[in-house]
Amino acid sequence: PCRPILHVPANSGAKKIVIHIDGVRAFAARDLVEMLTNDVLSRNMKPVLGVLPEDLSRDKKLVAYLKRNRCNLEITLHGLEESSEYPEFKHTDTSTFDSERRAFVGVHRMLEDCNRAWRAKNLCVIAIHPDDFLTNNAFDTSKYQHYVSLLDTLRRLGAVSATLSDLSGNP
């Protein structure tokens, strides 16, 4: 059953994080998306899923998963295609992928990026790309350990997850 996670008031003084699992799409790495999301939920955090709507209704398993967890996550429209000009986040503070270096970003750099963002605005938007945890189309355990370590460290630091609704004051 769906057990709502308490939202974060927009004016909270806590270090806020938005965990944005980006590029969720039909028939693509569904098990990995569920694992990424479940690891966030198991830490009493609330993720934001950027969902591409194309063919979504045909992926019954993904739709069922999203419905089952609807009160514990926020779904945003990613765009009709991956190269959409209007992503739901115009800016992220850190990401699992460095597009300039074309490389996976580890936990230490992501935490450094969040520390800079917290000093500037008390909010760190973290973009998580499911495909970044694959190497040659196979699940990469060592990369995934960076993600788990990131989530655990964020909890130890007292960071609280927020959604776009939380930040706008409309939970």
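Tyr147 is buried (under 20% relative accessible area, where exposed is over 50% and partly exposed in between, with a 1.4 Å probe and protein chains only), at a relative accessible area of 2%. The model is predicted: local features need pLDDT of at least 70, side-chain atom pairs count only at pLDDT 80 or more, and totals for chains, interfaces and linings use all residues. Residues are numbered from 1 along each chain as its sequence is written, and side-chain values use heavy atoms, with hydrogens and water left out. Helices (H or I, at least four residues) and strands (E, at least two) are DSSP runs numbered from the N terminus.

**Aromatic residues**

- Five aromatic pairs are counted, a pair being rings of Phe, Tyr and Trp (its six-membered ring) with centres within 6.5 Å; planes under 30 degrees apart count as stacked, over 60 as edge-to-face and the rest as tilted.
- In one of these pairs, the rings of Phe133 and Tyr147 have centres 5.7 Å apart and planes at 65 degrees, so the pair is edge-to-face.
- Phe133 lies in the loop between E7 and strand E8 (134–135) and Tyr147 in helix H4, so this pair ties together parts that are 14 residues apart in sequence.
- Tyr144 and Tyr147 form a tilted pair, with 5.3 Å centre to centre and 55 degrees between the planes.
- Tyr144 and Tyr147 are three residues apart in helix H4, which means that about one helical turn separates them.
- Tyr144 is buried, with a relative accessible area of 4%, and Phe133 is buried as well.
- One aromatic cluster is formed by Phe104, Phe133, Phe139, Tyr144 and Tyr147.

**Helix H3**

- The 15 residues of H3 (residues 107–121) should span 21 Å at 1.5 Å a residue, and the end C-alpha atoms are 21 Å apart, which agrees; the expected span is 1.5 Å times one less than the number of residues.
- Buried in H3 are Val107, Met110, Leu111, Asp113, Cys114, Ala117 and Trp118.
- These residues cover an arc of only 160 degrees around the axis, which puts them on the same side of H3; the arc is that of the directions from the helix axis to the C-beta atoms.
- On the other side of H3, His108, Arg119 and Ala120 are exposed.

**Disulfide**

- The whole structure holds one disulfide, defined as a pair of cysteine sulfur atoms within 2.5 Å.
- Cys114 is joined to Cys124, with S to S 2.1 Å.
- The link of Cys114 and Cys124 is left-handed, with -70 degrees about the S-S bond.
- Cys114 is buried at a relative accessible area of 0%, and Cys124 counts as buried at 0%.
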